[in-house]
Structures are given as structure tokens and as C-alpha cells.
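Me: Please take a close look at the loops and charged pairs here, one stretch at a time. Keep it brisk, and give me the cut-offs as you go.

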Amino acid sequence: GRANKTLFPVASCHSLQESLLSSASGYSNYRGILNWCVVMLVLSNARLFLENLIKYGILVDPIQVISLFLKDPYSWPAPCLSINKITLTFERGVFFFFLSLLFSPQGTISEATGTFLYFINLSVILCFPAATVLTVTSMTSVGGVFALGVYTIVFLKLYSYMDVNRWCREIRKAKARTLSRSHSCPSVSRANGAAAHALVTYPGNLTHRDMYYFMFAPTLCYELNFPRSSRIRKRFLLRRLFEMLFFTQLLVGLIQQWMVPTIQNSMKPFQDMDFSRMVERLLKLAVPNHFIWLVFFYWFFHSSMNFVAELMQFGDREFYRDWWNSETVTYFWANWNIPVHKWCLRHFYKPMLQRGVNKWVAQTAVFLVSAFFHEYLVSIPLKMFRLWAFMGMMAQIPLAWFVGRFLRGNYGNAAMWMSLIIGQPIAVLMYVHDYYVLHSSQVLL
């Protein structure tokens, strides 16, 4: 009897538990599978990259990058246009400075006249570089994107500068009889070194130094008192500088070696309307395109903007949030580019809600403005208007509705990643195809 009890214990060998691959068992059980997926992804991409080297050889040529900006060595329109923008920034800074002084309580200009002059100036900022890019034949597409990007940033900054000072004037007028001058406009307390900087109130902010600091600060939203860091960390600055230089070279190499041959080989299937080959080219382009986009995101939003912020002791370093965990499309667009999101929320979305506009209409209007600037930065440098970028942004509205209504959690996150990985190369191929057809027809003519 004792032997039987030893060999066959009567204790239960079962308990209430879930299978390891079910979601109820916890995500820690997926660690090995996720690592396997990462290793397989690295190996598959390594095979593709090796196949690319064997087929095309080494295509990386840093000298060739210069030709993207300078088609004619005696005519440098894109750099000149950008340098001219920096110069005009100072000149317009003087204009906006004196215009703001005229707006101030001691000023002599009316609100309507000043607003009209502001919008004339802002319109010129958008129209002048576009006209230059379209009319100057030696302007390259890459140089045009760079120049228009600089002007767009200045446009958004000056609009914010105008809006905030207008708010301060309205608050000052509304509280003139009950509040003292030191409390005429709300100010933001500084973090990380508040003792080193005195708080500024309107109209004490109307100085050249204050405006020029804002023009070069890594933000699009103006404030009277930015949060400031107490010192410049040299090691942090050098790390960001090294990352900027390294990832710049990596981006150039990946585009030349991986994307350009794939795009060139995609033109024949598009001309022949071979849908199976078109899908194959699209999927082949999706991997390098997405990888380059991720590298660009890190280079711009982490390395470059942190470098500028550290150099200027700008304290707010929230340039992005965890967009990679997005379970909805709206969460992604609200968190992958915080400077633009804050500008749209502060100067466009909330003012529309305050005027009684429906929330859904206001969100659609925000996507409409974003779609305009996407098309502005693509079609004008390419000197052709196909509206692919515009339609791609507007397509985010029904996609956001569908994902928010029918997909949640991991399914919503998967939909977000799928739209990024597949959507971008579709737009790239459409523009490249149209550009190729347009220029090949011009050569035949």
C-alpha cells in the first residue's frame, strides 16, 4: 500500500490556468516569440541588403548628394533662398517687433489694420518661396523641399507670435481696471533654473532678443516665459551631435543603396499596369522606406531637436510621445509630432471650438490644413500637382473613424503600423511614377 501511494500520488495535477499563448496568461510569455520575430526580421532584411549589394554593387556616393541641392555650380537657388529666409527673419523680426509695439497699449495702430498687415506678411512668406521654386529652373526638388520647409516653420512661428500677443492685449484690456500691470497677462513659471530668469509680462516681452530666441527655439508655439534649463550639458550635446552626423550619413547611404534602385525598377510594372508586379514592388519598397522613416524620426525629433534645445537651454523636451503604442490613428497623429500637434491644438482646433464649431468639423479642418501643407511641401518642389499627399492625409479621417469604432487594443495598434508601412511607399511610388512619366514625355517632345 505504501508503494502504491508513492508511485501514484492522490494530489491533483490540474489547476485553473490559461494557455500560454492566450492574452489572459500575460504578455511576459511572449518574450521568446517576440525575440524570435526580431531575429527573423533582422536576418530577412540582412538577406535583402546582401542581395542588393550583389545585384547593384556599392551605390553610396556622398558627393552625389551635393547635386541634389546644386544642379548648377554657379547658381545655388535653394541655399540662397534658405539663407535669404534667415536674413528676412531678422528683417521681419524688426517689422513684427515694431508692429507689436504699435499694437501695444502705447501704440497708435488699430487692431484691424495691424491684423491685415500681419496676414499680408504671412501670405508673402508662403507665396514668395513657392513662386521662386516654380519659376527658377535650376532649383532642384530636394533643395525646394528644404527651402519651403524653412519658410513653413517661420510662417507657423510668426502666426503663433501674433496670436499670443493678441491674447495678451485682450486680457490686459479686460482686466485693466481690476488687475495691476504685473498681472496683466498670464505667465508660465520656469522649470530648471527659475531663479536665473525673471518672469516677463506683456508688453515687456516685446524685445528683439525675446523674438529671436523664439525663432530659433525648437518649438512652434510662442510663450512669454519658456521653461529654461539651468546649464548646457556638454556630453549630452556631443552625443546628439554625433548622432546627427552618423544618422545623416546612414540616411544618405540607405536611400542611395536601397531605395533608389527599387524605385527605378518599379517604373516598368507601373507603365505596363502589371498589378502583381506592382504589388511586389510596393512590398519590396515598404521595408527600406519604413526603416528610413524611423531613422529620420529619431534623427530629427530626438537628436537634432534635443541638440538645438540643449544649445539654447530650452527646457521643454517633449518633442514626441509613445506614438508606437498607438491604438487609434488619432492618437498617433497627436503624439508623433508634438510641436505641430501643440500648434494645431492651440491656434486652430481650440479657437474653432470656442467659436461653436462642431468637434468633428474642427478635427476635419485640422486634417485639411495638415493635408495642404503636406501637398505644399511635395508638389511645388516637384513642380507638378497630383494631390497624392493631400488625399493620403484626408484618407486618415475615415481610417481614424474605422479603427476607433471597430478596432481596439492590439488590433488598433496593428492597423496603425500597417497604415504607416504600406501607406507611405504607395504615395512615394505614385509621385515618382508621375514625375517619371512627366519628364520622359518632355524629353520625347
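Reply: Start with accessibility: buried means under 20% relative accessible area, exposed means over 50%, and partly exposed lies in between (1.4 Å probe, protein chains only). The model is predicted; local features need pLDDT of at least 70, side-chain atom pairs count only at pLDDT 80 or more, and totals for chains, interfaces and linings use all residues. Residues are numbered from 1 along each chain as its sequence is written, and side-chain values use heavy atoms, with hydrogens and water left out.

Begin at Lys383. Its relative accessibility is 30%, so Lys383 counts as partly exposed. Lys383 sits in the loop between α13 (359–382) and α14 (388–394). Helices here are DSSP runs of H or I with at least four residues, strands are E runs of at least two, and both are numbered from the N terminus. The phi of Lys383 is near 60 degrees, a positive value in a residue other than glycine. Leu387 occupies the loop between α13 and α14 too. Its phi is near 65 degrees, again positive in a residue other than glycine. Leu387 is partly exposed, at 42% relative accessibility. Most residues other than glycine have a negative phi, and most peptide bonds are trans.

What kind of peptide bond joins Tyr202 and Pro203? The bond is cis, with omega at about 5 degrees. Pro203 belongs to the loop between α6 and α7 (208–216).

Step back into helix α13. His374 is found there. The UniProt annotation "active site", from an unreviewed entry, covers His374. UniProt positions use the numbering here, feature names are shortened, and annotations may be inferred rather than shown by experiment. His374 has a relative accessible area of 34%, so this residue is partly exposed.

Another loop lies between α15 (396–406) and α16 (409–444), and Leu407 is in it. Leu407 counts as partly exposed, at 22% relative accessibility. Leu407 and Glu327 are 80 residues apart in sequence. In space their C-alpha atoms are 8.1 Å apart.

Now the charged pairs. Side chains of opposite charge can pair when their charged atoms come close. A salt bridge is a side-chain nitrogen of Lys or Arg within 4 Å of a carboxyl oxygen of Asp or Glu. By this rule the count comes to eight salt bridges.

Take Asp316 and Lys342. Their side chains meet in a salt bridge, N to O 3.0 Å. Asp316 lies in the loop between α10 and α11 (329–335), while Lys342 lies in helix α12 (residues 338–354), so the pair ties together parts that are 26 residues apart in sequence. Asp316 is partly exposed at 26%. Lys342 is partly exposed at 28%.

Glu318 forms a salt bridge with Arg321, and the closest N and O atoms are 2.8 Å apart. Glu318 is partly exposed, at 33% relative accessibility. Arg321 is partly exposed, at 30%. How are Asp316, Glu318, Arg321 and Lys342 linked? They belong to a network of salt bridges.

A further pair is Asp163 with Arg166, a salt bridge at 2.6 Å, N to O. The two are three residues apart in helix α6 (residues 141–174), so about one helical turn separates them. Asp163 is buried, with a relative accessible area of 3%. Arg166 is partly exposed, at 24%.

Next, the packing of two helices. Helix α8 (residues 234–265) and helix α10 (residues 275–311) pack at about 160 degrees, and their axes are 9 Å apart. That makes α8 roughly antiparallel to α10. The contact of α8 with α10 has 23 nonpolar, eight polar and five charged residues. Axes are lines fitted to C-alpha atoms, for helices over the stretch in contact, with angles from 0 to 180 degrees between N-to-C directions. Under 35 degrees is roughly parallel, over 145 roughly antiparallel, 65 to 115 roughly perpendicular, and the rest oblique. Nonpolar means Ala, Val, Leu, Ile, Met, Phe, Trp, Tyr, Cys and Pro; charged means Asp, Glu, Lys and Arg; the others, Gly among them, are polar.

Last, the record. In the unreviewed UniProt entry, "transmembrane region" covers several spans, including 241–260 and 415–433. Residues 241–260 are 100% helix and 0% strand, and their end C-alpha atoms lie 27 Å apart. For residues 415–433, the end C-alpha atoms lie 27 Å apart, with 100% helix and 0% strand.
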